[in-house]
Amino acid sequence: MANQPKPISWAPLQTDDVEKLPLQVRDRLDAEVERGEDDEWVVVHATGVSVGGVMDRLSRLYGRRFKEGSVQDLDRVLAWLVSAGSGVQAQLAVDNLELRREYLEETPMLTAADVHAGSGLQSRNTSEPASRWKAEHKLFAVRVGRRDLYPAFQFEDGAPRPIIKDILTVLPEAMTGWQKALWFASGNGWLDGDEPQQRLDEGQQVVEAARRLAEPASG
């Protein structure tokens, strides 16, 4: 029977808590503490689990300070690391976070307020019309922190491109916003290796590629 990994212990630390840490750890943090910034520290201790590589990748993703929404990501990765045989799951989780971070860096995005401004509506509710168009499956959004962001390629002259709804209609219903985003941004064999978002002017071919994704695999 495989050895069970020992639980990982971790906790957020405020500046006063740092003074209670072992000297070796305090020496590593003193330079940062002296700056007097209102940072939150997280100390992780693990035995028999390869947590270092995962944490290094997380630090490259988010920098020295965790950005909006990333605390939940950290919770999830640490929870998987605690579980027996969870190393692969944790690595997949970080792979997914890296894909999302790269997507946000490479893809122009719009907030609901941006969509509102581009639509020409004069209402004070800046969540409109983006939230309504999303509910009508005329476009999709990805969740980042506590807000939705809308990939800009979906819009033309301030409104959703009609082909987007045609594509979303045939994609599998269970796909999340992030799964849709990564599908649009990935090379597709039915489109000669091009990304669907690059071929929207040839709309029906992209619709057919989306339909193929929904077909059950055979063989």
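This is a predicted model: local features need pLDDT of at least 70, side-chain atom pairs count only at pLDDT 80 or more; totals for chains, interfaces and linings use all residues.

Is Glu 136 buried, partly exposed or exposed, and what is its relative accessible area?

Modeller: Glu 136 is partly exposed, because its relative accessible area is 30%, which lies between the 20% limit for buried and the 50% limit for exposed residues. Its side chain meets that of Lys 138 in a salt bridge, with 3.3 Å from N to O. Lys 138 is likewise partly exposed, with a relative accessible area of 30%.

Among the residues involved are Lys 134, Arg 143 and Asp 148, which are linked in a network of salt bridges.

Three strands form an open sheet in the order 3-5-4, with antiparallel pairing. Strand 3 (109-110) and strand 4 (142-144) stand at the edges, each with a single partner strand, so one side of each has no neighbour in the sheet. Strand 4 and strand 5 (residues 147-151) run antiparallel and are joined by three bridges. Within this pairing, Val 144 has Arg 147 of strand 5 as its bridge partner. In general, strands of a sheet pair through backbone hydrogen bonds, either parallel or antiparallel.

The side chain of Arg 199 meets that of Asp 194 in a salt bridge at 2.8 Å, N to O, and that of Glu 202 in another at 3.2 Å, N to O. Arg 199 itself counts as buried, at 10% relative accessibility. Asp 194, by contrast, counts as partly exposed at 29%, and Glu 202 counts as partly exposed at 35%.

The buried residues of helix 8 (residues 162-170) are Ile 163, Ile 164, Ile 167, Leu 168 and Val 170. Seen down the helix axis, these residues fall within an arc of 170°, so they line one face of helix 8. An α-helix has 3.6 residues a turn, so residues three or four places apart point the same way. The face turned away from the buried side of helix 8 carries the exposed residues Pro 162 and Thr 169. The cover over the buried residues of helix 8 includes helix 9 (177-184) and helix 10 (203-214).

Notes:
Residues are numbered from 1 along each chain as its sequence is written. Side-chain values use heavy atoms; hydrogens and water are left out. A salt bridge is a side-chain nitrogen of Lys or Arg within 4 Å of a carboxyl oxygen of Asp or Glu. Buried means under 20% relative accessible area, exposed over 50%, partly exposed in between (1.4 Å probe, protein chains only). Helices (H or I, at least four residues) and strands (E, at least two) are DSSP runs, numbered from the N terminus. The arc is that of the directions from the helix axis to the C-beta atoms. Contact means heavy atoms within 4.5 Å. Two strands pair if DSSP finds at least two bridges between them.
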